[in-house]
Amino acid sequence: MSTGLVSQVKEVSQSAIATLRPWGELLEPTALSLPSNLSEATTRLAQNLTHFRSNYTLVLLIVLFLSLLYHPVSIIVFLIIFAAWLVLYFSRDQPLEVFGFTVGDRVVMVVLGVVTVLALVLTHVWLNVVVSVVIGVALVSLHAVFRGTEDLVMDDQESPYGALLSDDQDPSGNYTIM
């Protein structure tokens with residue numbers, strides 16, 4: 001049982017690491033520029049958040065971790081809660097069974113969410129966490145707006161706007177007169 005769980009956690013972590021984009025691509029200084037208007041800023045935000053999703057998530061987690069450095073009890077509590085999220089929510093392929101009853105994913109998510117919020121309140125770091133998340137979101141958003149998207153290569157499935165090109169051989173498109 002435990003070796004299967006360890007292999008599942010290893011598999012989940014390897015797939016998460018595989019989705020990280022190269023840090024050199026994310027932090028390329030020549031790619032930084034001011035957007036010309038609000039429309040370009042929102043386009044950059046959407047495209048960069050999609051393209052660098054895993055990197056930005058890791059940045060947020062690092063900011064959150066750094067905010068908890070002076071609260072060792074909170075770090076221990078959050079590592080335990082993180083392990084619970086991994087075991088009970090992220091690394092499961094089959095429904096959770098408790099005392100012979102099947103528990104749905106939404107129930108597991110709500111219960112883990114409530115436990116996480118209670119841990120924030122009981123360890124007295126909820127304000128610290130809220131401030132660090134706001135700082136992390138601000139950093140990520142600023143970077144996403146100022147980083148140009150001209151050099152990014154995205155798949156149609158990865159684009160925040162969906163598939164823009166079709167596989168039609170007809171260059172005039174497939175239109176129907178109504």
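How many aromatic pairs does the count come to? Some notes on that and on two other spots, bearing in mind that this is a predicted model.

1. **The aromatic pair.** The count comes to one aromatic pair. The partners are F52 and Y56, with ring centres 6.0 Å apart and planes at 65 degrees; an angle over 60 counts as edge-to-face, so that is the label this pair gets. Both ends are tucked away: F52 is buried, and Y56 is buried too.

2. **α4 against α7.** Y56 turns up again here, as one of the α4 residues in the contact with α7. Helix α4 spans residues 53–67 and helix α7 residues 126–146. Their axes lie 9 Å apart, at an angle of about 145 degrees, and the crossing of α4 past α7 is right-handed.

3. **Who makes that contact.** From α4 you get Y56, V59, L60, V63, L64 and S67. α7 answers with N128, V129, S132, V133, G136, V137, L139, V140, H143 and A144. Sorted by type, the residues of this contact come out as 11 nonpolar and five polar, with no charged ones.

4. **T116 on α6.** Have a look at T116 as well, which sits in helix α6 (residues 105–122). Its side chain reaches the backbone oxygen of L112 at 2.7 Å, and the T116 side chain also makes a polar contact with the side chain of W85, at 3.0 Å.

5. **What else T116 touches.** Leaving aside residues up to four places away in sequence, T116 touches F78, I81 and W85.

Notes. Residues numbered from 1 in each chain as written. Predicted model: local features only at pLDDT ≥ 70, side-chain atom pairs only at ≥ 80, totals over all residues. Heavy atoms only, no water. Axes fitted to C-alpha atoms, helices over the stretch in contact; angles between N-to-C directions. Helix = DSSP H or I, 4+ residues; strand = E, 2+ residues; numbered from the N terminus. Left-handed = near helix turned anticlockwise from the far one by under 90°. Contact = heavy atoms within 4.5 Å. Nonpolar A, V, L, I, M, F, W, Y, C, P; charged D, E, K, R; others polar. Polar contact = N/O pair within 3.5 Å; in protein donor to acceptor, adjacent residues only side chain to side chain. Phe/Tyr/Trp six-rings, centres within 6.5 Å; stacked < 30°, edge-to-face > 60°. Buried < 20%, exposed > 50% of the residue type's maximum accessible area, 1.4 Å probe, protein only.
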